[in-house]
Amino acid sequence: MTILTEDPTWIYLLLLGAGIVAAVAFFSTQRVIYLLAVPGVLVLAGLVWLVDYLVETDREQVERKVQELAEAVNHADFAKIESLISSRFYTPMFTSKQNLMDQARRYLDPQASRRTSFWQLDTRSVAGKSLVVDGNVSASGQYGGYNVEGWFGRIEFTFLKDADGQWRIARFVVVDSQGGEVSLRR
């Protein structure tokens, strides 16, 4: 099923080729049967698009959740942030999900203006047990008593599948533009 849902571009190209062949065959032979193949190709392309749209792959799920995290941080939506974090969360800096949430409440004032964004995400599977999402991160605005002006770096999220079948963040590492790990305030 992933051939239809991960990146079906090659299927669209094959269908486009088939449509062109059918159109050329019609114009060169004037046989209507070839012309009838064109709507069939369009229907197949529509079905491929529908399957791709309706089925969210694991990669798509974790990348969507990374973007949801950025929006939750921007709006200090603690319930959303908590829903994206696994109960198995652990980093040396934040030793539990609760510890991370306590710090988030301390530094994310709902009245403050901030902008966090992630882009150029690259997702890979690690031994079939976790998904790692690597990407660029930028931050600006108010984070607690700190005014951050246009900070850029890299971030790596490790997702684990929880018992309910949802992928959640179990770990993250933030590095600056020189590759040094960023010590987020505690």
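Where is I85 found? I85 sits in the loop between α5 (78-84) and α6 (97-107). This is a predicted model in which local features need pLDDT of at least 70 and side-chain atom pairs count only at pLDDT 80 or more, while totals for chains, interfaces and linings use all residues. Residues are numbered from 1 along each chain as its sequence is written, and side-chain values use heavy atoms, with hydrogens and water left out.

**View 1. The whole chain has six helices and four strands.** Helices (H or I, at least four residues) and strands (E, at least two) are DSSP runs, numbered from the N terminus. Starting at the N terminus, the order of elements is α-α-α-α-α-α-β-β-β-β. Along the principal axes, the C-alpha atoms fill a box of roughly 75 × 35 × 30 Å. The radius of gyration of the chain is 23 Å, whereas a compact globule of 186 residues would have one near 16 Å. That radius is taken over C-alpha atoms, and the globule rule is 2.2 Å times the number of residues to the power 0.38.

**View 2. The surface and the buried part of the chain.** The accessible surface comes to about 10900 Å², and 60% of it belongs to carbon and sulfur atoms. Accessible areas come from the Shrake-Rupley method with a 1.4 Å probe; for residues, only the protein chains shown count as cover. Of the 186 residues, 38% count as buried. Buried means under 20% relative accessible area, exposed over 50%, and partly exposed in between (1.4 Å probe, protein chains only).

**View 3. I85 is a buried loop residue.** The relative accessibility of I85 is 3%. Leaving aside residues up to four places away in sequence, I85 touches K97, L100, R168 and I169; contact means heavy atoms within 4.5 Å. The C-alpha atoms of I85 and L160 are separated by 9.6 Å, although these residues are 75 residues apart along the chain. For the chain, 52% of contacts between residues at least 6 apart in sequence join residues at least 24 apart.

**View 4. R124 and D134 form a salt bridge.** A salt bridge is a side-chain nitrogen of Lys or Arg within 4 Å of a carboxyl oxygen of Asp or Glu. In this pair the closest N and O atoms are 3.5 Å apart. R124 belongs to strand β1 (residues 114-126) and D134 to strand β2 (residues 130-143), 10 residues apart. R124 is partly exposed, at a relative accessible area of 37%, whereas D134 is buried, at 18%.

**View 5. E156 forms salt bridges with R124 and with R171.** The N to O distance is 3.7 Å in the pair of E156 and R124. E156 is partly exposed, with a relative accessible area of 22%. The pair of R171 and E156 also has an N to O distance of 3.7 Å. R171 lies in strand β4 (residues 167-176) and E156 in strand β3, so the parts tied together are 15 residues apart in sequence. R171 is partly exposed, at 34% relative accessibility.

**View 6. E56, R64, E68 and K80 belong to one network.** These residues are joined by salt bridges that share partners. The structure holds 13 salt bridges.
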